[in-house]
Amino acid sequence: MNSQLIDSLKLRLGINGLPYEIPIHPKLVHLTLGLFIIAILFDIAGAIFPIERPIFKFLGLTALRSGFFNVGWYNLIGASIVTFFTVAFGFFELILANPPINQKSDWGLNASMTMVLHGLGGILLLGAIAAMTWWRGLQRYHWRKNESRQVQWSYLLVGVAMFGILFVHGTLGGQLGSEFGIHVTAAKLVQQGANPSLLPK
């Protein structure tokens, strides 16, 4: 925990080590994940639309191929914007973290190494999502604007590979909360020998 930063900003930290009751970073993480995953899945649905068309027709559903690509594009833009705030709040909360010293995660990493990997991974993922948004925009408005399939197969392959990277990165973040108890109110109370059922008012 950076005591000089806390003093200079005049922060009043709660039992969870944050100036607010509920950590913001984990909430934004789920928004980032949802937007990105939906973007790629809808682009995949648009790419294989000729295969799906008989199914939609059988079910009596009206679906346009361009509609799938619109959902993919706008969700990816949303993911890029939200991810900036996700990483920003992540670093703010990381600076205020007070990790345990003699404890290792299921992956054999201590809290400090997990924090470093998760922090660096967040920056790299922000860059990757921004780059994919740029790539997707070029396809939409330049390279494939007159094509019925708006996305390249290579783009979709990279998107699916990103799912795996997001899983590993998200697991590191989950370990910070669940295994190391960073910014988790109940974990902090247990460490202090208090009853987590009796949250301070």
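**Briefing: cores, spans and a surface patch**

N75 has its place in helix α4, where helices (H or I, at least four residues) and strands (E, at least two) are DSSP runs numbered from the N terminus. The model is predicted, so local features need pLDDT of at least 70 and side-chain atom pairs count only at pLDDT 80 or more, while totals for chains, interfaces and linings use all residues. Residues are numbered from 1 along each chain as its sequence is written, and side-chain values use heavy atoms, with hydrogens and water left out.

- Not counting residues up to four places away in sequence, N75 touches L35, I38 and A39, contact being heavy atoms within 4.5 Å.
- L125 lies in helix α5 and is buried, with a relative accessible area of 9%.
- Apart from neighbours within four places in sequence, L125 is in contact with M162, I165, L166 and H169, and its C-alpha atom is separated by 10.0 Å from that of F84, which is 41 residues apart from L125 along the chain.

**Nonpolar cores**

- The largest nonpolar core has 18 residues, of which F36, M132, V151, Y155 and M162 touch the most other members; such a core is a set of buried Ala, Val, Leu, Ile, Met, Phe, Trp, Tyr and Cys residues joined through side-chain atoms within 4.5 Å.
- Two or more residues of this core come from each of α2 (25-47), α4 (65-95), α5 (111-143) and α6 (153-178), and α2 gives the most, with six residues.
- Leaving aside neighbours within four places in sequence, M162 is in contact with F36, L125, A128, I129 and M132.
- A second, separate core of six residues includes A97, A111, F180 and I182.

**Annotated spans**

- According to an unreviewed UniProt entry, the annotation "transmembrane region" covers residues 28-51, 72-95, 115-135 and 155-172, and such annotations may be inferred rather than shown by experiment.
- Residues 72-95 are 100% helix and 0% strand, with end C-alpha atoms 34 Å apart, and residues 115-135 are likewise 100% helix and 0% strand, with end C-alpha atoms 30 Å apart.

**Nonpolar surface patch**

- F91, M113, V116, L117, L120 and I123 make a nonpolar surface patch of about 500 Å², to which α5 gives the most, with five residues.
- Patch residues have over 30% relative accessible area and no salt bridge, and nonpolar side chains (Val, Leu, Ile, Met, Phe, Trp, Tyr) are joined within 5 Å, like charges within 9 Å; a salt bridge is a side-chain nitrogen of Lys or Arg within 4 Å of a carboxyl oxygen of Asp or Glu.
- I123 has its place in helix α5 and is partly exposed, with a relative accessible area of 44%.

Terms used
Buried means under 20% relative accessible area, exposed over 50%, partly exposed in between (1.4 Å probe, protein chains only). Accessible areas come from the Shrake-Rupley method with a 1.4 Å probe; for residues, only the protein chains shown count as cover.
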